[in-house]
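Welcome, and thanks for opening the viewer. Let's walk through this structure one selection at a time.

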Amino acid sequence: DKHSIGGIPGNRTSPIVVSICVAAGIIMPKTSSRAITSDTGTADTVESIAPVSMPIKKLKAIVKKTGACLVWGGSLGIAPVDDKLIRVEKLLRVDPESQLLASILAKKLSIGSTHVLIDIPYGNGAKVSKKRGERLSRLFILLGKKLGLKIKTALTDGREPIGNGIGPILEIKDVIKVLKQDNSPKDLEDKSLFLAGEIIEMVGKAKKGQGIIMAKEILYSGLAYKKFTEIIYAQGGDPKAWLPEAKYNHIIISNHRGVIEKIKNSDINYLARIIGCPIDKSAGVYLYKHIGNKINKGEKLITLFSESKSKLKEAVKFFNAQKPIIIG
């Protein structure tokens, strides 16, 4: 299994990593959360094209048939105390360290995982600094040993959103672009390949340094997309489902030429919430640029999508006041 500590908009690596790893012969019953502190959770995103709530009996049948699943952990009742605490966290928009550790490991243990990779995004705008990320890494590994889990951690760059789409439908579109190798968001692709490679090495399917090579072969050959479609169909979904654009949109253009210096994750998450995420599946934010990218005056910076004119108006007002994207 793999799990991220969250907080990074658009960081939808799980469906890609699961598809690659299962195509490599690894069993991955992936249970995911709905949004807690971010705009959208993996379960909210996958729900755009497939049911994610199901009884444990059906889940077992799906895993037996395909080698994996992409479901909402809260629907299974496998970690009931955690489910209750998550409801409180969601209302307060908090994710304290002790609960974060317990929540992730409770879900992994209860689903029967033996090997777990934890993605810890760190940096300015992430949930944790590098120092705190390293501390979390040590705690995950220590607790894993006590619980009989083989845990590996990956400290990743969490200074900005991953991919272009933020919001359930926009994110699943990014996932499919990576899997089909059709105008793939490079940062999402690279991170997914890295994480998949780590898991492939972790379970002994490849030697150290060779996991990412195997992951690339599986992705570029189309095997990962084939496996993804198998999993989605098995869950009663349709990977080719029509993914509608929101009724209203607003394009924000750059007022001057420069370089993207900073993208504030918390503000982008909040912006997506204002606009209707994750309840409105088509609501969201589309980013055209990332940190370090050049931008010209009059070029598209971001597009806001919403099913509500009033929510869209509020989101534009928030963007103009908070300036979540800084151009130097």
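## First stop: Tyr122

Select Tyr122 and show what surrounds it: setting aside neighbours within four places in sequence, Tyr122 is in contact with Val128, Ser129, Lys130, Leu155, Thr156, Asp157, Gly158 and Arg159. Keep in mind as you look that this is a predicted model. Tyr122 belongs to strand S4, which covers residues 115-122. Is Tyr122 buried, partly exposed or exposed? Its relative accessible area is 24%, so Tyr122 is partly exposed, given that buried means under 20% and exposed over 50%. Tyr122 and Ile111 are 11 residues apart along the chain, and 27 Å separates their C-alpha atoms.

## Step back to the whole protein

Zoom out and colour by secondary structure. Along the principal axes, the C-alpha trace spans about 55 × 40 × 40 Å. How does the radius of gyration fit with a compact globule? A compact globule of 328 residues would have a radius of gyration near 20 Å, and the protein has 19 Å, which agrees.

Of the 328 residues, 56% count as buried. If you draw the contacts between residues at least 6 apart in sequence, 76% of them join residues at least 24 apart.

Colour the charged side chains as well. There are 53 positive and 31 negative side chains, and the centres of these two sets lie 2 Å apart.

In soluble globular proteins, nonpolar side chains tend to be buried together. To see this here, select Ile20, Cys21, Leu179, Ile200 and Phe228: they have the most contacts inside the largest nonpolar core, which has 43 residues. Which elements give two or more residues to this core? They are helix H1 (14-23), helix H2 (42-46), strand S3 (68-72), helix H7 (168-180), helix H8 (186-202), helix H9 (211-221) and helix H10 (223-234).

Apart from this core lies another, of 24 residues; select Ile260, Ile275, Leu287 and Ala315, which are among them.

Then return to Cys21 for a closer look. Not counting residues up to four places away in sequence, Cys21 touches Ile26, Met28, Ala196, Ile199 and Ile200.

Select Ser192, which sits in helix H8. With a relative accessible area of 0%, Ser192 is buried. Beyond its neighbours within four places in sequence, Ser192 is in contact with Thr13, Ile16 and Val17.

Now move to Lys108, in helix H5 (residues 97-111). Is Lys108 buried or exposed? Lys108 counts as buried, at 0% relative accessibility. Show its surroundings: leaving out residues up to four places away in sequence, Lys108 touches Asp1, Lys2, His3, Lys30, Thr31, Ser113 and Val116.

## An enclosed helix

Select residues 265-275, which form helix H11. Why can H11 be called largely enclosed by the rest of the structure? Eight of its 11 residues are buried. Those buried residues are Asn265, Asp267, Ile268, Asn269, Leu271, Ala272, Ile274 and Ile275. Show what covers them, and you will find strand S6 (165-166), strand S8 (258-263), strand S9 (284-287), strand S11 (300-306), helix H12 (309-322) and strand S12 (325-327) included in the cover.

Follow the chain out of the helix. Just after H11, Gly276 takes a positive phi of about 125 degrees. Then look at the peptide bond joining Cys277 and Pro278: this bond is cis, with omega about -5 degrees. Pro278 lies in the loop between H11 and S9.

## Last stop: the loop between H7 and H8

Finish by selecting Gln181 and Asn183. Gln181 lies in the loop between H7 and H8, and Asn183 is found in that loop too. Gln181 is not a glycine, although its phi is positive, at about 55 degrees. The phi of Asn183, another residue other than glycine, is also positive, near 55 degrees. As for accessibility, Gln181 counts as partly exposed at 34%, whereas Asn183 is exposed, with a relative accessible area of 63%.

Definitions and conventions
Residues are numbered from 1 along each chain as its sequence is written. This is a predicted model: local features need pLDDT of at least 70, side-chain atom pairs count only at pLDDT 80 or more; totals for chains, interfaces and linings use all residues. Side-chain values use heavy atoms; hydrogens and water are left out. The radius of gyration is taken over C-alpha atoms; the globule rule is 2.2 Å times the number of residues to the power 0.38. Buried means under 20% relative accessible area, exposed over 50%, partly exposed in between (1.4 Å probe, protein chains only). Contact means heavy atoms within 4.5 Å. Lys and Arg count as positive and Asp and Glu as negative; His and the chain ends are not counted. The place of a charge is taken as NZ of Lys, CZ of Arg, CG of Asp or CD of Glu. A nonpolar core is a set of buried Ala, Val, Leu, Ile, Met, Phe, Trp, Tyr and Cys residues joined through side-chain atoms within 4.5 Å. Helices (H or I, at least four residues) and strands (E, at least two) are DSSP runs, numbered from the N terminus.
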